[in-house]
Amino acid sequence: AQVLPTVEPCLQILATGETQSAYEMKLVMRVFSTFKEGALSIALPTLRQLATILRAVAANPSDAVFNHYLFEAIASIVRTVLQFAPAQHGEVESALLPVLSFILEQNVADFIPYCFQILGLLLDSGDSSASAAGPQIYGALFDRLLTDSLWRTVANVPGLIRLFSSYFKKNAQFSEQIKRNMQTILLRFQYVLNHRKIEMQAFDLIAAMFRYLPFDAYK
């Protein structure tokens with residue numbers, strides 16, 4: 001618990017934009033991955049500050065190591081809050097969805113794979129029909145996520161499959177979009193299967209389909 005007070009000074013330094021210290025961001029990540037529920041009291045304030053930092057660095061994502069730990073810190077906080085305080089799911093979405101949407105709209109290529117992973121966490125862990133964003137954000141993203149160019153960027157594929165697995169898990173809410181796009185989904189599966197570097201990812205996609213989708217989805 002004595003480590004928790006160090007988080008705020010680290011964030012204040014990072015928020016100035018004068019430095020991008022991967023070591024300090026790694027510390028923030030470690031606090032939440034280690035203390036979990038013990039760090040819950042500072043989780044949402046920290047998440048909001050990290051979202052602000054993320055929006056700033058998205059304009060010029062120059063330090064790959066810093067950016068990696070930034071997203072790892074965000075993911076650690078999301079997991080902590082959604083596991084130990086699920087009622088705060090809407091507040092987590094409110095903090096993150098605007099900046100994640102901005103990154104996708106601006107096509108910040110270095111950050112897009114991370115965004116898919118975070119969106120998958122959020123969609124998995126909450127009832128999107130009752131969330132602050134409602135189904136609009138996730139529903140609006142669905143068709144765009146099947147864009148051919150996204151899948152041809154190999155770095156995107158694990159996150160895309162992670163996110164589509166979450167959509168399949170929430171089939172009751174997205175059944176119409178899934179059924180309407182089934183042919184395209186199967187085409188993306190075929191593309192991944194035929195790509196030597198990512199072919200194993202194809203089995204994750206088809207396994208999620210078989211696990212979560214009813215037979216009617218394939219008609």
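# Reading helix packing

Colleague: Left-handed or right-handed: which is the crossing of α3 and α4?

Modeller: Left-handed means that the near helix is turned anticlockwise from the far one by less than a right angle; clockwise is right-handed. The crossing of α3 and α4 is left-handed. One caution: this is a predicted model, where local features need pLDDT of at least 70, side-chain atom pairs count only at pLDDT 80 or more, and totals for chains, interfaces and linings use all residues. Residues are numbered from 1 along each chain as its sequence is written, and side-chain values use heavy atoms, leaving out hydrogens and water.

Colleague: How many helices and strands are in the chain?

Modeller: Both are DSSP runs numbered from the N terminus: helices are H or I, at least four residues, and strands are E, at least two. The chain has 12 helices and 0 strands. Its pattern along the sequence is α-α-α-α-α-α-α-α-α-α-α-α.

Colleague: At what angle do the axes of α3 and α4 cross?

Modeller: Two packed helices are described by the angle and the distance between their axes. Axes are lines fitted to C-alpha atoms, for helices over the stretch in contact, with angles from 0 to 180 degrees between N-to-C directions. Helix α3 spans residues 43-57 and helix α4 residues 64-84; their axes come within 10 Å and cross at roughly 150°. So α3 is roughly antiparallel to α4 (under 35 degrees is roughly parallel, over 145 roughly antiparallel, 65 to 115 roughly perpendicular, the rest oblique).

Colleague: Which residues of α3 and α4 meet?

Modeller: Contact means heavy atoms within 4.5 Å. From α3 come A43, T46, L47, L50, I53, L54 and V57; they meet F66, N67, L70, F71, A73, I74, I77 and V81 of α4. By class that is 13 nonpolar, 2 polar and no charged residues (Ala, Val, Leu, Ile, Met, Phe, Trp, Tyr, Cys and Pro are nonpolar, Asp, Glu, Lys and Arg charged, the others, Gly among them, polar).

Colleague: How do the axes of α2 and α4 cross?

Modeller: Helix α2 is residues 22-35, and its axis comes within 8 Å of that of α4, crossing at roughly 15°. That makes α2 roughly parallel to α4. The crossing is left-handed. On the α2 side, A22, M25, K26, V28, M29, F32 and S33 make the contact; on the α4 side, V65, F66, Y69, L70, E72, A73, S76, I77 and T80 do. These residues divide into 11 nonpolar, 3 polar and 2 charged.

Colleague: Is A73 buried or exposed?

Modeller: Buried means under 20% relative accessible area, exposed over 50%, partly exposed in between, with a 1.4 Å probe and protein chains only. A73, in helix α4, has a relative accessible area of 0%, so A73 is buried. Beyond neighbours within four places in sequence, A73 is in contact with M25, V28, M29 and L50. Its C-alpha atom lies 9.5 Å from that of T46, 27 residues apart along the chain.

Colleague: How do α9 and α10 cross?

Modeller: The axes of helix α9 (residues 157-169) and α10 come within 6 Å and cross at roughly 110°. The two are therefore roughly perpendicular. Y167, F168 and K169 of α9 touch N171, F174 and I178 of α10.

Colleague: Which residues is N171 in contact with?

Modeller: N171 sits in helix α10, residues 171-180. N171 counts as buried because its relative accessibility is 13%. Leaving aside neighbours within four places in sequence, N171 is in contact with I178, Y212, L213 and P214.

Colleague: What percentage of the chain's residues count as buried?

Modeller: Of 219 residues, 48% count as buried.
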